[in-house]
Amino acid sequence: LAAYGVPKFNIGVYEDINFATSKAADKSFWQNTLVPLDQRIMRAFTNQWVKFAEGGRFKLETDYSLVMALAQYFTEKLEQAKKLAELFVPVAEINERLELNLS
């Protein structure tokens with residue numbers, strides 16, 4: 001578990017874990033383990049295969065919108081985006097800087 005950063009509750013060990021702790025651990029597992037791994041795989045696949053499709057105009061991205069553990073994280077990003085918009089930062093720059101993946 002320690003080698004891969006897997007929280008105990010992900011394998012069914014629920015001792016000393018309450019609901020709030022399990023939600024925080026799930027979010028941390030996604031942010032610190034699964035998302036970086038997914039990004040490395042997508043980058044490798046894009047660099048080896050997709051960059052040659054029509055001159056490299058395509059990029060693969062993962063849609064994390066259905067991952068409940070990251071929903072709070074996305075809400076926080078939207079709050080940051082709102083504050084940046086109030087400072088007249090261009091929408092395209094906000095989208096890129098916060099990696100919102102909005103069209």
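Student: Where is the place of leucine 60: in which loop, between which helices?

Tutor: Leucine 60 sits in the loop between helix H1 (19-48) and helix H2 (71-86). Helices here are DSSP runs of H or I with at least four residues, strands are runs of E with at least two, and both are numbered from the N terminus. A word on the source: this is a predicted model, where local features need pLDDT of at least 70, side-chain atom pairs count only at pLDDT 80 or more, and totals for chains, interfaces and linings use all residues. Residues are numbered from 1 along each chain as its sequence is written, and side-chain values use heavy atoms, with hydrogens and water left out.

Leucine 60 counts as partly exposed because its relative accessibility is 31%; buried means under 20% relative accessible area, exposed over 50%, and partly exposed in between (1.4 Å probe, protein chains only). Together with Phe45 and Trp49, Leu60 forms a nonpolar patch on the surface, with about 320 Å² of accessible area for the three together. Patches take residues with over 30% relative accessible area and no salt bridge, joining nonpolar side chains (Val, Leu, Ile, Met, Phe, Trp, Tyr) within 5 Å and like charges within 9 Å. The areas come from the Shrake-Rupley method with a 1.4 Å probe, and for residues only the protein chains shown count as cover.

The term calls for a side-chain nitrogen of Lys or Arg within 4 Å of a carboxyl oxygen of Asp or Glu. Lysine 27 counts as buried because its relative accessibility is 19%, while glutamate 76, at 37%, is partly exposed.

By this rule there are two salt bridges. The other joins arginine 97 and glutamate 93 at 2.4 Å, N to O, and both residues lie in helix H3 (residues 91-97), four residues apart, about one turn of the helix.

Of its 103 residues, 19% count as buried. The largest nonpolar core has six residues: Ala81, Leu84, Val89, Ile94, Leu98 and Leu100. Such a core is a set of buried Ala, Val, Leu, Ile, Met, Phe, Trp, Tyr and Cys residues joined through side-chain atoms within 4.5 Å.
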